[in-house]
Amino acid sequence: MENLVFKDATELARLLAEGAVTSVEVTTAYLDRIEALNPRLNAFLLVDREGALATAREADEARARGEQMHPLAGMPIAIKDNIVTRGMDTTCASKMLTGWKPPYDATVIERIKAAKLPILGKTNMDEFAMGSSTEHSAFGPTQNPWGENRIPGGSGGGSAAAVAAYLAPLALGSDTGGSIRQPGAVTGTVGVKPTYGAVSRYGLIAMASSLDQIGPVTRTVADAAALQDLIGGHDPLDSTSLPEGVGQMTPSATLAEGEDLSGVRVGVVKQLQGEGYEPGVQAAFDHTVTKLKEAGAQVVEVDCPHFDYALAAYYLIMPAEVSSNLARFDGIRYGLRVEPQDGPVTAERVMAATRGAGFGDEVKRRIILGTHVLSAGYFDAYYGSAQKVRTLVQRDFDAAFEQVDVLISPTAPTVAFEFGSKTDDVLAMYLNDIATIPANLAGVPAMSVPCGLSEGLPVGFQVIAPAREDGRMYRVAKFVEAEAQVASQCPARNWGEEA
């Protein structure tokens, strides 16, 4: 049998259900690969071998007793390190939370545990999910398995790299402005941001609460659909959770093999292509658009004029929410505590010393910016104006979806860039999210699927659907995936032979 780690999650799930393999065998295969290759990649910050194997044994024993099992039962999964997991270090890749063990599980973790998916460990990320390259992790960057001198995207580069390098069949990430989709684009994986409220945020350490969304990171569209089905649904613990569901969340009918796209109306977003996008990225995108037309899709260009202002609005709204959410890390309640070296030990001085030592430069930058835009003299001019632009972006989406079923664009303007090439240019780094941010501002579902290569590196294709219509984007993404076949070309597929 082919090495288990190279099989898709849906194929492994079938083998588990048939009894051809056991969860212990699958989980052990992934844990052994992590042990061999994680020192090279730094995709995992923590590996829970003992806990993962214990869950695997439970899944095998339950299946042997003939119990009704979830389709993904026994399937190993990796978790981004900003999703709280009881008793397991959850650090947000920050010194501020080093060694912190949460006393409770996030709702998505409860659902994963109830379905008996072994948790392999916690993945690396930009500190508190702030970054587009995973270079801002307090524990060192993650390497891109497509090129070890290149970034794996961010903030969820650890989850994307782990899946791309066959260290995990499934992973969870969080997406505030593209932190699942942009890593997906540059690592050749599938990254999904569900409709806002479709997946509970309870237990996700908040960065920007009106923008954050947990979602799947996988190697195939079918795997992503299965994982979203597991983690999605209403949660009374999350006040923003959608009580009525989101239509076809796991649309098995839309993922039928060989289905064409006849009658599907596809809109190419005018503002999310062309100038600023690398020629190779644009070429791969254009080639895929041609394939969509050949498959029967009706492709038109759609004008969303206020998308030009989305990036600026996001970088006012997001830091404002960051400033509020990160105020809880004060050195007094939990996490890191640093006392001043001289003078009186007051709450204010402890807070200043702790935050100065515990937060990295990018986190401090966003806190300072957010505090500034929320201040009395600037609130209306900056934060208030940004929220008005957000409304205009939402209206652009509403108008666009009256004309088409889905919108498409490149996921990111470039392929994976080299480490250090943008660390001194903050604006250039922020521009990595220019195509992904509008979906977060509007709360609509969006996903990235590999559509080809440029200079030997993956290119991501973004599909955006109306709120609660996640199934539409899965149908289009499935076709793109079938045409491109990118994931299996990852150089890390051969690393196990070298290890």
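Biologist: Which elements cover the buried residues of helix α4 in this predicted model?

Modeller: The model is predicted. Helix α4 spans residues 107-114, and its buried residues are Thr-107, Val-108, Ile-109 and Ile-112. An α-helix has 3.6 residues a turn, so residues three or four places apart point the same way. The cover over these buried residues includes β2 (77-80), β3 (119-123), β4, β6 and α7 (221-231).

Biologist: What is the phi of Lys-116, the residue named after α4?

Modeller: Helix α4 covers residues 107-114. Lys-116 follows the helix, and its phi is positive, near 65°.

Biologist: How many residues of strand β6 are buried?

Modeller: Strand β6 runs over residues 214-218 and is mostly covered. The strand is also among the elements over the buried residues of α4.

Biologist: Which residue in β6 stands opposite Leu-172?

Modeller: Strand β4 consists of residues 170-174 and pairs with β6 in the antiparallel sense, over five bridges. In that pairing, the residue across from Leu-172 is Pro-216.

Biologist: And what is the bridge partner of Val-190 in β6?

Modeller: Strand β5, residues 190-193, pairs with β6 in the antiparallel sense over two bridges. Val-190 has as its bridge partner in β6 Thr-218.

Biologist: Which strands stand at the edges of the sheet?

Modeller: Eleven strands make an open sheet with mixed pairing, in the order β1-β3-β2-β4-β6-β5-β10-β11-β9-β7-β8. Two of them have a single partner strand each, so one side of each is left without a neighbour in the sheet. These edge strands are β1 (44-47) and β8 (298-302).

Biologist: What angle does helix α12 make with β9?

Modeller: From one strand to the next, the sheet has an average twist of 25°. Helix α12, residues 379-401, packs on this sheet and touches β8, β9 (406-410) and β11 (457-464). Between the direction of α12 and that of β9 the angle is about 115°.

Biologist: Which residues does Ala-320 touch, not counting those up to four places away in sequence?

Modeller: Ala-320 belongs to helix α9, residues 310-325. Its relative accessible area is 3%, so Ala-320 is buried. Beyond four places in sequence, the residues in contact with Ala-320 are Gly-370, Val-373, Leu-374 and Tyr-383.

Biologist: How many disulfides are there?

Modeller: A disulfide is a covalent bond between the sulfur atoms of two cysteines. Cys-304 is buried, with 0% relative accessible area, but its sulfur is 19 Å from the closest cysteine sulfur, in Cys-451, so the distance is too far for a bond. Under the distance rule, the count of disulfides is zero.

Biologist: Is Cys-92 buried or exposed?

Modeller: The cut-off for buried is under 20% relative accessible area. Cys-92 has 0% relative accessibility, so this residue counts as buried.

Biologist: How many aromatic pairs are counted, and what kind of pair do Tyr-314 and Tyr-315 make?

Modeller: A pair of aromatic rings is described by the distance of the centres and the angle of the planes. The count is 14 aromatic pairs. The rings of Tyr-314 and Tyr-315 have centres 4.9 Å apart and planes at 85°, so their pair is edge-to-face.

Biologist: What kind of pair do Tyr-378 and Tyr-382 form?

Modeller: Tyr-314 is buried at 3% relative accessible area, whereas Tyr-378 is partly exposed at 37% and Tyr-382 is partly exposed at 35%. The ring centres of Tyr-378 and Tyr-382 lie 5.9 Å apart. With their planes at 25°, the pair is stacked.

Biologist: Over which ring does the charged end of Arg-493 sit?

Modeller: The charged end of Lys-422 sits over the ring of Phe-417, at 4.4 Å from its centre. For Arg-493, the charged end is 4.4 Å from the ring centre, and the ring belongs to Phe-6.

Definitions and conventions:
Residues are numbered from 1 along each chain as its sequence is written. This is a predicted model: local features need pLDDT of at least 70, side-chain atom pairs count only at pLDDT 80 or more; totals for chains, interfaces and linings use all residues. Side-chain values use heavy atoms; hydrogens and water are left out. Buried means under 20% relative accessible area, exposed over 50%, partly exposed in between (1.4 Å probe, protein chains only). Helices (H or I, at least four residues) and strands (E, at least two) are DSSP runs, numbered from the N terminus. Two strands pair if DSSP finds at least two bridges between them. A disulfide is a pair of cysteine sulfur atoms within 2.5 Å. Rings of Phe, Tyr and Trp (its six-membered ring) pair if their centres lie within 6.5 Å; planes under 30 degrees apart count as stacked, over 60 as edge-to-face and the rest as tilted. A charge sits over a ring if NZ of Lys or CZ of Arg is within 6 Å of the ring centre and within 35 degrees of the ring normal. Axes are lines fitted to C-alpha atoms, for helices over the stretch in contact, and angles run from 0 to 180 degrees between N-to-C directions. Contact means heavy atoms within 4.5 Å.
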